[in-house]
Amino acid sequence: MSKMKQGASKYIPFQQIELPDRQWPARVIDKAPVWCSVDLRDGNQALVDPMNMEEKLAFFHTLCDMGFKEIEVGFPSASETEYEICRELIEGGHIPDDVTIQVLVQARPHLIQKTFQAIRGAKNVIVHFYNSTSTLQRKVVFKKDMAGVIQIAVEGAKLIRELTDQYEGDCNIRYEYSPESFSGTEMDNAVDICAAVLDALGATAENKVILNLPNTVEMCTPNTFADQVEYFIRHLPGRERAIISVHPHNDRGTGVAATELALLAGAERVEGTLFGNGERTGNLDIVATGLNMYTQGVDPELDLSDIPALREMYERCTRMHVHERHPYAGELVFTAFSGSHQDAINKGTAYMQTSGTGKWEIPYLPIDPADVGRQYEPIIRINSQSGKGGAAFVMQHAFGLTLPKEMHPEFGAMVKAKCDRLGRELSNEELLQVFEDGYVHIPQKYALGEYAFSGASSADGSIRFTGVIRADGEERQVSGKGNGPIDAFFSALHKAGIDGYQFVNYHEHAVSAGADSQAIAYIQLKKPDGKSIFGVGRDHSINVASVKGVLCAINRAEMES
């Protein structure tokens with residue numbers, strides 16, 4: 001028997017909620033909640049090296065610029081550092097008039113009193129107090145029954161209300177209470193303690209109290225947390241007196257899912273951090289949650305349009321790293337290496353351009369990278385797993401070279417061979433070099449010397465080519481007539497003894513705009529052995545580009561023979 005099989009028996013399965021008529025599964029999220037950032041408190045306390053004053057101020061201003069209206073700035077009674085940031089924010093005039101700072105405090109008298117000293121002079125404050133209510137903490141930490149825990153919360157609430165009445169100055173003070181470890185508390189006990197706090201604070205429908213329900217340690221599946229939230233709301237006396245908030249953590253890796261289901265269950269407010277920083281596996285990731293809403297057509301009411309700038313600030317201030325696969329923000333989340341994914345993205349991009357649809361309809365990309373400040377160039381990156389369409393996509397979007405579809409397999413094989421030799425992905429510049437080495441910088445068995453095209457030489461409207469073909473260093477004066485430049489050139493090659501090639505297809509486009517733009521021609525020929533081969537020609541004249549493309553294809557065929 002494995003150790004895991006032996007060890008699993010020591011864990012107690014989470015108790016499910018009796019809620020047979022649950023309503024949340026039939027609901028949808030159709031508006032953003034009230035967001036409260038706890039980066040400067042919950043996030044900061046989890047850092048190896050906590051932020052200094054300069055970093056906290058930079059972070060705070062970024063949060064304000066993003067549109068956060070409620071920001072938990074610290075636990076000012078816990079340390080002098082936390083106290084100082086609160087005072088600097090207030091005295092330094094950093095807090096916009098429409099932003100409410102939130103201060104955290106345990107339901108302990110001396111800490112509550114110190115907290116009220118810290119907030120003097122502020123315009124808008126949420127005093128957020130808490131005490132732990134979980135079954136396990138009551139059993140092994142506090143050695144108290146539920147009545148004793150409720151008494152602690154009620155006494156704290158009464159003191160906060162008393163200090164509010166004594167507060168000198170013009171300050172809008174609101175209240176928030178958290179039964180810490182709500183998800184590990186018996187639901188009826190959670191209801192009882194919150195109802196007692198509402199009464200002690202004198203909460204009314206006009207003067208609501210925030211009841212924050214923390215998933216302090218994520219211990220159950222997200223649907224069970226949603227059941228807890230719905231049960232709590234349905235059984236809370238005077239529900240209209242409260243704003244229901246959630247504070248999810250991510251111990252099971254489902255913090256975002258738990259939040260979304262809690263919103264379906266009736267939560268109106270969400271506390272979390274940018275990119276999910278926090279104790280253990282972190283807090284709720286507000287960026288991911290907000291952008292999840294955005295992809296469903298719901299305005300998150302936060303400015304998430306420049307994720308690279310947010311990530312830079314976050315990594316600089318916290319010295320944490322946003323993982324490459326982090327939802328929406330990671331370096332690689334808009335990147336496809338797989339050939340089938342690349343092909344679908346390529347076709348989706350073409351569809352968006354040709355259909356005129358106003359909707360985002362590109363496979364494998366749930367959100368337009370440009371909406372969050374990302375660029376299109378890195379969407380497809382090339383390695384040995386990439387497909388033929390991926391290389392063509394990069395050539396078009398990075399360099400403006402639109403390879404015809406029939407050419408993709410040939411060029412894709414060159415790219416794959418290069419990746420296999422190097423054993424890694426190719427940069428865009430290396431991909432362009434593969435193109436140049438394969439179609440431009442090749443041995444010139446046949447080269448074009450001086451040449452000229454002349455117009456119709458007879459009533460049939462034919463074109464005449466006259467010029468010099470260098471073959472193995474020998475110059476041959478040739479001429480030919482045809483129904484177009486390529487046909488005329490083929491006729492001239494035939495007279496020079498260069499025979500056996502059959503024209504199949506031709507594509508051309510301008511490489512750059514303006515008077516100095518070049519034309520590029522992609523020529524597909526059938527070799528004497530019946531197989532297809534491509535050549536590329538570039539010139540300011542499309543006729544000359546076509547001729548160069550024909551010679552390129554023939555020279556490439558000669559290299560293979």
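Q: What percentage of the 561 residues of the protein chain count as buried?

A: 51% of them count as buried, where buried means under 20% relative accessible area, exposed over 50% and partly exposed in between, with a 1.4 Å probe and protein chains only. This is a predicted model, so local features need pLDDT of at least 70 and side-chain atom pairs count only at pLDDT 80 or more, while totals for chains, interfaces and linings use all residues. Residues are numbered from 1 along each chain as its sequence is written, and side-chain values use heavy atoms, with hydrogens and water left out.

Q: OK, how many helices and strands does the protein chain have?

A: The protein chain has 18 helices and 14 strands. Both are DSSP runs numbered from the N terminus: H or I with at least four residues for helices, E with at least two for strands.

Q: And is the chain a compact globule or more spread out?

A: More spread out: its radius of gyration is 34 Å, well over the 24 Å from the globule rule for 561 residues. That radius is taken over C-alpha atoms, and the rule is 2.2 Å times the number of residues to the power 0.38. Along the principal axes, the C-alpha atoms fill a box of roughly 105 × 60 × 40 Å.

Q: What share of the contacts comes from residues 24 or more positions apart?

A: 67% of the contacts with a separation of 6 or more. Contact here means heavy atoms within 4.5 Å.

Q: Switching to charges. How many salt bridges are there?

A: The structure holds 26 salt bridges, each being a side-chain nitrogen of Lys or Arg within 4 Å of a carboxyl oxygen of Asp or Glu. One of them joins the side chains of R269 and E70 at 2.7 Å, N to O. R269 lies in strand 8 (residues 269-272) and E70 in strand 2 (residues 70-74), so this pair ties together parts that are 199 residues apart in sequence.

Q: Are R269 and E70 buried or exposed?

A: Both R269 and E70 are buried.

Q: Which residues are linked with them in a network of salt bridges?

A: R174, E176 and E271 are in the network along with E70 and R269.

Q: What does E560 pair with?

A: E560 forms a salt bridge with K527, with the closest N and O atoms 2.7 Å apart. E560 sits in helix 18 and K527 in the loop between strand 13 (519-526) and strand 14 (532-539), so to speak distant parts of the chain, 33 residues apart. K527 is buried, with a relative accessible area of 11%.

Q: How far is N555 from Q166 in space?

A: They are 92 Å apart, C-alpha to C-alpha, and 389 residues apart in sequence.

Q: Next, helix 9. How many residues does it have, and what does it reach end to end?

A: Helix 9 (residues 222-235) has 14 residues and reaches 20 Å from first C-alpha to last, close to the 20 Å expected at 1.5 Å a residue. The expected span is 1.5 Å times one less than the number of residues.

Q: Why call helix 9 largely enclosed?

A: Because eleven of its 14 residues are buried. What covers those buried residues includes helix 8 (187-201), strand 6 (209-215), strand 7 (242-248) and helix 10 (255-264).

Q: And how many residues of helix 10 are buried?

A: Eight of its ten, so helix 10 is mostly covered. Among the buried ones are G255, V256 and A258. Helix 10 is followed by G266, whose phi is positive, near 125°.

Q: Last topic: what's the strand order in the open sheet of three strands?

A: The order is 9-10-11, with antiparallel pairing. Strands pair if DSSP finds at least two bridges between them. The edge strands, each pairing on one side only, are strand 9 (446-454) and strand 11 (474-482).
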